[in-house]
Amino acid sequence: MEYSTECMAALRQAAPAIEIKQDEPMSCHTTFAIGGPADLFLMPATVDELTAALRVLRAYETPFLLVGNGSNMLVSDAGVRGAVICTAALDAVSAQEDTLTVEAGALLSRVARWAQHEGLTGMEFAGGIPGSMGGAVFMNAGAYDGQMEGIVEKTAYLDEQGVLHTVEGAAHGFGYRQSIFRDHPDWTIIRSTLRLRPGDPAAIAEKMNDFAQRRRDKQPLNFPSAGSTFKRPAGHFAGRLIEDAGLKGASVGAAQVSEKHAGFLINRGGATCEDMLRLIALVQRRVREQFGVELECEVRIIR
């Protein structure tokens, strides 16, 4: 347990309404459905509560992990020491002309639907990504014909001292599954403004439906996973390399390389973090031995 009774009392005083759970299983808060208990699990409902919680945790030198929808992380079976701060309740979305301002916890699927209803195009690619806005900006999430780099205009964040800043345009440092926030994990994304374009709601919906059908056809959506487990190596496709290495359907415990799409590692039910880590290592080793290609994890591993 890496928090003190004084820290808990200070959290209660600084943010009396904040939801706090003890020994909360992270398997309930990740799309892998894997992960042991978090010492403390905090769910702020407002930016003020989030700011107060961060201030207290830092003052008491309590380690913390920020999560949104838990869609791109593999958490240790031992759980998380200190605190987990879940931003899922920070999900406000507002529209002004051709921009959307979106809090960090808002699900991309919901924001994409909002944009469609507002007649704004440019976010169709994100409709099926199971992450939240903060996580998507953090890793420059993308799919099909787009990525966050193409639509994010500015982002408000708290630095390691709790001071509010705004980063705009190229200063986001976007690259393939990369942003300035990956280089500064002690910064906390609060909200982002998206620049979209006017479009026909029916045409936007048709495009989103097409992407959704492609996902259903090609991806193992009926099993817990973290999406694509590995980054795309230069000149290759991770799923193709894994399939060509004869690993489609390979398993370690209840962790398995999907038989539908080899780029997805899935939890067939009851998989542990150790199962998944061993399967990841097996895939990386076999692809390296057969093709001389190093597969880099896209999934964040929290130990």
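Predicted model: local features only at pLDDT ≥ 70, side-chain atom pairs only at ≥ 80, totals over all residues.
S251 stands opposite Q256 in β17. Residues are numbered from 1 along each chain as its sequence is written, and side-chain values use heavy atoms, with hydrogens and water left out.

Some terms, then. Helices (H or I, at least four residues) and strands (E, at least two) are DSSP runs, numbered from the N terminus. Two strands pair if DSSP finds at least two bridges between them.

So much for terms; back to the pair. β16 and β17 are joined by two bridges in the antiparallel sense. They belong to an open sheet of four strands, ordered β15-β18-β17-β16, with antiparallel pairing. β15 (225-228) and β16 (251-252) are at the edges with a single partner strand each, so one side of each has no neighbour in the sheet.

Q256 sits in strand β17, residues 255-257. Buried or exposed, Q256? Q256 is buried, at a relative accessible area of 8%; buried means under 20% relative accessible area, exposed over 50%, and partly exposed in between, with a 1.4 Å probe and protein chains only. Not counting residues up to four places away in sequence, Q256 touches G249, A250, S251, F264, L265, I266, R268 and L279. Contact here means heavy atoms within 4.5 Å.

Helix α8 (residues 273-291) lies across β16, β17 and β18 (264-267), and runs at about 30° to β17. For such angles, axes are lines fitted to C-alpha atoms, for helices over the stretch in contact, and the angles run from 0 to 180 degrees between N-to-C directions.

Next, the other open sheet. Four strands form it in the order β1-β2-β5-β3, and the pairing is mixed. Its edges are β1 (19-25) and β3 (64-67), each with a single partner strand, so one side of each lacks a neighbour in the sheet. On average, neighbouring strands of this sheet are turned by 30° against each other, direction ignored. Within it, β2 (residues 37-43) and β5 (residues 80-86) pair in the parallel sense over four bridges, and L42 has I85 in β5 as its bridge partner. Helix α1, residues 5-14, lies across β1 and β2 and runs at about 140° to β1.

β3 and β5 come up again in the second largest pocket. That pocket has a volume of about 160 Å³. Its lining is P63, F64, L65, S76, A78, G79, V80, R81, R300, I302 and R303, and the elements giving two or more residues to that lining are β3, β5 and β19 (300-302). On a 1 Å grid over the protein atoms alone, a pocket is an open set of points where a 1.4 Å probe fits, with protein on both sides within 12 Å along at least five of seven lines; lining residues have an atom within 4 Å of a point. Grid points are joined across faces, edges and corners, and the volume is the space filled by probe spheres set on the points.

G70 lies in the loop between β3 and β4 (73-75), and is buried at 6% relative accessible area. G70 touches H29, T30 and T31, not counting residues up to four places away in sequence. G70 and C28 are 42 residues apart in sequence and 9.3 Å apart in space, C-alpha to C-alpha.

Now the cores. A nonpolar core is a set of buried Ala, Val, Leu, Ile, Met, Phe, Trp, Tyr and Cys residues joined through side-chain atoms within 4.5 Å. The largest has 31 residues, and those with the most contacts inside it are V111, M123, M133, M148 and L194. Two or more residues each come from β7 (99-103), α3 (108-117), α4 (133-139), β11 (152-158) and β13 (188-195). Which element gives the most to this core? That is α4, with five residues. A second, separate core of 30 residues includes A255, M276, I280 and L295.

β13 deserves a word on its own. Six of its eight residues are buried, so β13 is largely enclosed by the rest of the structure. β7 joins β13 through five bridges, running antiparallel, and T99 stands opposite R195. β11 joins β13 through six bridges, also antiparallel, and Y157 has I189 as its bridge partner.

Last, Y144, in the loop between β9 (142-143) and β10 (146-147). At 36% relative accessibility, Y144 is partly exposed. Leaving aside neighbours within four places in sequence, Y144 is in contact with F211, R214, R215 and Q219.
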